[in-house]
Amino acid sequence: MTPQEGAFVVELYNKYSKKMRAQMLRQFGDAYLADDLVEEAFLTAIVRVGELMTHPDPERWLYRVLLNKSMHEYRRQKQAPAELAQLDELPDPAADHAVG
């Protein structure tokens, strides 16, 4: 990453990260998750900084990345209860080895 690219990402972070975090906090109600999603969006920005710098609307690009990350998290959370219910249906391996 060049100094110019680094400065560009830092400028975007300083300008948009608080607003992005507030949006994720409203959506999920979890401050840690909001921080993680914003961090992931900016990690993507770092990895794809060349694409971001040439985009006509960097703010829109960032918010699209954040939206994609949040949709993935929403799907993951929605799927998690079903996975936990399946675990409840599995036999208890400790019961097979119970001392009687």
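Is Glu-59 buried, partly exposed or exposed, and what is its relative accessible area? In this predicted model, in which residues are numbered from 1 along each chain as its sequence is written, local features need a pLDDT of at least 70, side-chain atom pairs count only at pLDDT 80 or more, and totals for chains, interfaces and linings use all residues. Side-chain values use heavy atoms, with hydrogens and water left out. Glu-59 is partly exposed, with a relative accessible area of 25%, where buried means under 20% relative accessible area, exposed over 50%, and partly exposed in between (1.4 Å probe, protein chains only).

The chain contains five helices and zero strands, and its pattern along the sequence is α-α-α-α-α. Helices (H or I, at least four residues) and strands (E, at least two) are DSSP runs, numbered from the N terminus. Of the 100 residues in the chain, 28% are buried. A contact is defined by heavy atoms within 4.5 Å; among contacts between residues at least 6 apart in sequence, 63% join residues at least 24 apart. The chain exposes about 7400 Å², of which carbon and sulfur atoms supply 55%, with accessible areas taken from the Shrake-Rupley method with a 1.4 Å probe and, for residues, only the protein chains shown counting as cover.

Helix 1 covers residues 3–28, a total of 26 residues. Its reach from first C-alpha to last is 35 Å, close to the 38 Å expected at 1.5 Å a residue; the expected span is 1.5 Å times one less than the number of residues. At Tyr-16, helix 1 bends by about 50°, the bend being the angle between axes fitted to the seven residues ending there and the seven starting there. Tyr-16 is also one of the buried residues of this helix, which include Phe-8, Val-9, Leu-12, Met-20 and Phe-28. An α-helix has 3.6 residues a turn, so residues three or four places apart point the same way. Just after helix 1, Gly-29 adopts a positive phi of about 70°.

Helix 2 (residues 31–47) contains Leu-43, and Ala-41 is placed in helix 2 as well. Ala-41 is buried, its relative accessible area being 0%. When residues up to four places away in sequence are not counted, Ala-41 touches Met-20, Leu-62, Val-65, Leu-66 and Lys-69. Ala-41 and Leu-66 are separated by 25 residues in sequence, while their C-alpha atoms are 5.4 Å apart in space. Leu-43, by contrast, is partly exposed at 46% relative accessibility. Together with Met-1 and Ile-46, Leu-43 forms a nonpolar surface patch with about 300 Å² of accessible area. Patches are made of residues with over 30% relative accessible area and no salt bridge, like charges being joined within 9 Å and nonpolar side chains (Val, Leu, Ile, Met, Phe, Trp, Tyr) within 5 Å.

Side chains of opposite charge can pair when their charged atoms come close. The structure holds four salt bridges, each defined as a side-chain nitrogen of Lys or Arg within 4 Å of a carboxyl oxygen of Asp or Glu. One of them joins Lys-19 and Glu-59 at 3.4 Å, N to O. Lys-19 belongs to helix 1 and Glu-59 to helix 4 (residues 58–89), so this pair ties together parts that are 40 residues apart in sequence. Lys-19 is partly exposed, at 49% relative accessibility.

A further salt bridge pairs Asp-35 with Arg-21, with 2.4 Å between the closest N and O atoms. This pair links distant parts of the chain, Asp-35 lying in helix 2 and Arg-21 in helix 1, 14 residues apart. Asp-35 is partly exposed at 34% relative accessibility, and Arg-21 is partly exposed with a relative accessible area of 29%. Glu-51 and Arg-48 also form a salt bridge, their closest N and O atoms being 2.9 Å apart. Glu-51 is partly exposed, with a relative accessible area of 37%, and Arg-48 is partly exposed, with a relative accessible area of 37%.
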